[in-house]
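Take the model one step at a time. Start with the secondary structure, then follow the strands, then look inside.

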Amino acid sequence: MGGNSGSALPTIIMFALLFGLMYFMFIRPQAKRRKEAESMQKSLGAGDKVITIGGLYGTVVSTDDESITLEISPGVTARYARAAVGRVTEQVTVPTEHVVDNPVKEEK
């Protein structure tokens with residue numbers, strides 16, 4: 001007598017469930033972490049205190065599109081790729097001035 005008379009449907013369903021489980025446990029969280037890291041690296045500004053992925057502590061002196069310059073000791077600066085920043089330990093917030101677009105003129 002021969003062969004397998006069962007359907008392939010249960011096997012396909014099991015593979016689909018396995019893929020769905022892998023997606024929600026591994027792929028989705030990794031993409032979320034990557035997006036958060038890119039957002040953090042884009043928001044770097046002068047005065048922020050950071051730690052590089054190599055463990056170097058420094059203060060951001062200047063930034064451009066692809067790199068940042070860190071002051072790693074008083075008077076000592078080094079240039080790093082933005083992706084080398086592992087985390088921000090202290091972020092400086094720049095005070096914003098209140099700008100009035102349409103000032104009201106006083107009547108005399």
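Two strands count as paired if DSSP finds at least two bridges between them. Strand E1, residues 49–52, meets that rule with E5: 4 bridges join them, and they run antiparallel. One of the residues to look for here is isoleucine 51, whose bridge partner in E5 is arginine 87.

Now step back to the whole chain. This is a predicted model. Its secondary structure comes to 1 helix and 5 strands. Read from the N terminus, the elements run α-β-β-β-β-β.

Helix H1 covers residues 9–42, a run of 34 residues. From first C-alpha to last, H1 reaches 47 Å. At 1.5 Å a residue, 50 Å would be expected, and the span is close to that. H1 is not straight, though: it bends by about 45° at tyrosine 23.

The strands come next. They make an open sheet of 5 strands, in the order E4-E3-E2-E1-E5, with antiparallel pairing. Which strands stand at the edges? They are E4 (76–81) and E5 (85–90). Each has a single partner strand, so one side of each is left without a neighbour in the sheet. Neighbouring strands of this sheet are turned by 45° against each other on average, direction ignored.

Walk through the pairings from E2. Strand E2, residues 57–63, pairs with E3 in the antiparallel sense over 4 bridges. The two form a hairpin with 3 residues between them. Serine 62 has threonine 69 of E3 as its bridge partner. Threonine 69 also stands opposite arginine 79 in E4. That leads to the next pair. E3 and E4 run antiparallel and are joined by 6 bridges. They too form a hairpin, with 2 residues between them. Glycine 75 sits in that turn and has a positive phi of about 85°.

Stay on E3, which spans residues 67–73, and look at serine 67. Is serine 67 buried or exposed? Its relative accessible area is 6%; the cut-off for buried is under 20%, so serine 67 is buried. Leaving aside neighbours within four places in sequence, serine 67 is in contact with Arg79, Tyr80, Ala81 and Arg82. Valine 85 lies 18 residues from serine 67 in sequence and 10.0 Å from it in space, C-alpha to C-alpha.

Glutamine 41 belongs to H1. With a relative accessible area of 13%, glutamine 41 is buried as well. Not counting residues up to four places away, glutamine 41 touches Arg82, Ala83 and Val85.

Val85 takes us to the core. The largest nonpolar core has 7 residues: Met40, Leu44, Val50, Val60, Ile68, Leu70 and Val85. Which residues does leucine 44 touch, beyond those up to four places away in sequence? They are Val50, Thr63, Ile68, Arg82, Val85 and Val88.

Finish with the protein as a whole. Buried residues make up 16% of its 108 residues. Of the contacts with a separation of 6 or more, 37% come from residues 24 or more positions apart.

Conventions:
Residues are numbered from 1 along each chain as its sequence is written. This is a predicted model: local features need pLDDT of at least 70, side-chain atom pairs count only at pLDDT 80 or more; totals for chains, interfaces and linings use all residues. Side-chain values use heavy atoms; hydrogens and water are left out. A nonpolar core is a set of buried Ala, Val, Leu, Ile, Met, Phe, Trp, Tyr and Cys residues joined through side-chain atoms within 4.5 Å. Buried means under 20% relative accessible area, exposed over 50%, partly exposed in between (1.4 Å probe, protein chains only). Contact means heavy atoms within 4.5 Å. Axes are lines fitted to C-alpha atoms, for helices over the stretch in contact, and angles run from 0 to 180 degrees between N-to-C directions. The expected span of a helix is 1.5 Å times one less than its number of residues. The bend at a residue is the angle between axes fitted to the seven residues ending there and the seven starting there.
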